[in-house]
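Here is a short tour of helix packing and nonpolar cores.

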Amino acid sequence: MNSRANIAVFSDTLRRIGAFSPFLASLAERHPDTVAAVRDRGLAHAIRDGFAAVESPDTGVTLRLQRQKLSLATALADLAGIASLEEVVEHLSAFADHALDRAIRAAIIERTPDAEPRGFAALALGKHGSRELNYSSDIDPILIFDPETLPHRPREEPVEAAVRIARRVVELLQNRDEHGYVFRVDLRLRPSPEVSPLALPIDAALSYYESAALPWERAAFIRARAAAGDIALGQGFLDAIRPFVWRRTIDFGAVQEIRQISRRIRDHYAQGQILGPGYDLKRGRGGIREVEFFAQIHQLIHGGREPQLRVPATLDALKALGEAGRIDAGLAGQLSDAYRLYRTIEHRLQMVDDHQTHRLPKQSEALDNVARLHGLDDGAALIDLLRTPIELVGAAYDGLDHDGEERLPVQTEKLEAALADAGFSDAAAARQRIDNMRDGKSRSLRTPIAQAALEAMLPTLVAALGKAPSPHDALNRFDDLVAGLPSAINLFRLLEARPSLARALIDVLSHAPTLSQALSRRPALLDGLIDSTALAPPPPFEVLVEEFAIAERSDSYEQLLDLVRQRVGERRFALGVQLIESVADPIDVAQGYARVAEAAFDVLARATIAEFEQTHGRVPGGELVVIALGRLGGGALTHASDLDIIYLFTGDFMPESDGRKPLGATTYFNRLAQRISGALSVPTASGPLYEVDTRLRPSGAQGPLAVSVDSFEQYQRKSAWTWEHMALTRARTVFGSAAARAEVDAIIAATLGRDRDPAALTADVVKMRGDIARHKPAKGPFDVKLVEGGLIDAEFTVHLLQLRHRIGFDPKLRSAMRALAGQGLIDPETIPAHELMTRMLVTLRLISPASAEPPAASQPLVARTCGQPDWESLVKAYERARALIAAEWKRVSTAQ
């Protein structure tokens, strides 16, 4: 916007004020200096100069006169097009902060003149909190105080002083005289306003919001900020309750409560719901409140996981939601345009007589008056202007609402009929299970709220159960899951709000015992599936590191370990669901598992090093380097994979660290490696993360956990067995500086590229394969890793050829096989055979963890996930692949 007015436009603005706004016309008469300042210097200068001109020793008088100046200046700038809506509401909100702060300081100093005014803060909520106050708004602060720092008189309890200060603040702002008033103040948003003091002790407030706050009360803090008084006190309070407002476990109770509030508003203000004279611009269908609620519902759903969505202002929230893909970007823009229009017309309604109204006038003359103040011809033109956005907003908000009226029958015969129609072959047994749930026999179902949530969710659940391969078994597992929960309310509300999740949940319970066990330990894992991105591949390593590194803001190292476990668990669970829902190639899922693991390792290793260095400092010239081997090295894990790693350190082993508890280099890096392994494997409240296998280190379990790079090089050159060099074919450095990694990579390349006696090499590899077959035989024909012609035979074939011919070295087995096939050293058909078995391994680790033949109900899913039309086709393809790999292993291992 232009800071100064176009003279013709400004003259027309003054004409409209004189003709259509008695309140503004009166102010313009009283304050011609403000009119001139807005016209000549712009809004900000007019406000600043106007405030200074009316300063006086009387705080109340000063604020009331400043409010007149502000009202006139913002209205002129708004009507003349000098200031945008965002600028106008920012100035109105800033004045509310200023007035509250002045009133708080005055109230404290009046009572205790020699004390510093501290220990008392005002938290802004609603439009004040989001800096979106309207032209004639009241304010709804929550007042808190610190009994330890609040100034008070002798023999006066801090709570008594705080209440008296609060009353004086309200008096200064709300009292009227010939200059009007400053703000209407409503303190009823505080907890239990009918019995609680006007100002709350901070500890009592914290206790309430952490443990007893209703969902709508937590939702109100989406737009909260410390606005006045002791800002540090207020901000500290908001920081403390942030986890209870922005919950990573989605609180669909709060979402549901917002929807119920909206329904009650529509019912209560029924006469103002339809566009026309008397339409309620704030509460009507498709109006201001529904734009705000639309944004807040999406913020509550996603904001616990995505901090960039935690913005208080409605326009900022819509923009952030659109940019994050949580709502359609085009819809976000349309809702924003509608909101700007609504708020602008709302201001016109309030500018007429300084009344806090949101309704279009019913009388045609009054409606014409508002329209003409806005610059339109008449009231009909104003209604036409609002028609399209109101329909758009109403339709968007209606799309969020679920009426929840459908219920499952209670009467025995009707319930059994409904269950039979849904697909239950034994409807009587299913009815008995549901009756038990309705009777509250599980502790998680005993409260009226839990029962209400159960009833609302049951139709969705039964529909999903009916599509399961064994509906009754799936219902039993769901019942067992619910029985193990301390409370099932949020799970039920989540399933009711997101019916698609019910089908995913039933599939997990029907087919994936590993995922079912994880879910029973932490039902919040389902939250991660609320949008389509959960079924997309995980982002690149760098993005995952950034995602997991948010945990570094934790209050303690232990809390960091727990938070990383939660986030990794959510990613791994989502990857498992991708397999169960057959929406991703198992090979892509395996690569996703590996990226997640590598990112988790990076974050935890860096955090552990930082924690370790606080006590022991650093070793001059030394750093930790980590090599990944096996499936981690090859970048393709299963859900159950361990992490095979080797710890090395650079530099000499003679120096000591420089911390307050110094350690020799070898001891230092061995203890650090132990700490990192523990950070990955030790169970926390969120369970363990990964098992770490370090047996491939030099000298195996008999050797130190971490050795120097020089020692590693000497060991590989002089002492390593052939099988250890085979392990290096899949080695990849995953931690350390670029220089350190390059040094280790060069050692690995030199080791793999050395000359070998082909006969001795072949004998060693064949012996090792025989040892594995004797000591770790296959558990059955579907142990695709260890079975004859399985993945181990494929890997041994590749590694033997790599070391024999010194070519095709690549940690990723698929790439290595392609290189060998390109040289004519391996049958190209081995590649798709190996890929089929890899898909089977990744899928069966979830569906049949014991490597047995999967249950008949799950066999079609396994076939589909592995790219085959049915189980019989998969078995035949598997047999062909085994035969091909067995033949290749025999050919390569017997060649001279």
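## Two helices side by side

In this predicted model, helices α20 and α22 run roughly parallel to each other, because their axes cross at roughly 30° and angles under 35 degrees count as roughly parallel. Helix α20 covers residues 448-466 and helix α22 covers residues 489-497, and their axes come within 8 Å. The crossing of α20 past α22 is left-handed.

Which residues make this contact? From α20 come Ile449, Ala450, Ala453, Leu454, Ala456, Met457 and Thr460, and they meet Ile489, Phe492, Arg493, Leu495 and Glu496 of α22. By type, the residues of this contact are nine nonpolar, one polar and two charged.

## The nonpolar cores

The largest nonpolar core holds 128 residues, and Phe478, Phe492 and Tyr647 have the most contacts inside it. Helix α27 (residues 586-616) gives the largest share of this core, with 15 residues.

Setting aside neighbours within four places in sequence, Phe478 is in contact with Met437, Met457, Leu461, Leu491, Phe492, Leu495, Leu505 and Leu509. Of these partners, Met457 also takes part in the contact from the α20 side, and Phe492 and Leu495 from the α22 side.

There is also a second, separate core of 98 residues, which includes Ile327, Tyr339, Ala371 and Leu386.

## A look at Asn369

Asn369 sits in helix α16, which covers residues 364-374. Is Asn369 buried or exposed? Asn369 has a relative accessible area of 19%, and buried means under 20%, so Asn369 counts as buried. Not counting residues up to four places away in sequence, Asn369 touches Ala19, Phe20 and Val352.

Methods: Residues numbered from 1 in each chain as written. Predicted model: local features only at pLDDT ≥ 70, side-chain atom pairs only at ≥ 80, totals over all residues. Heavy atoms only, no water. Axes fitted to C-alpha atoms, helices over the stretch in contact; angles between N-to-C directions. Helix = DSSP H or I, 4+ residues; strand = E, 2+ residues; numbered from the N terminus. Parallel < 35°, antiparallel > 145°, perpendicular 65-115°, else oblique. Left-handed = near helix turned anticlockwise from the far one by under 90°. Contact = heavy atoms within 4.5 Å. Nonpolar A, V, L, I, M, F, W, Y, C, P; charged D, E, K, R; others polar. Core = buried A, V, L, I, M, F, W, Y, C linked by side-chain atoms within 4.5 Å. Buried < 20%, exposed > 50% of the residue type's maximum accessible area, 1.4 Å probe, protein only.
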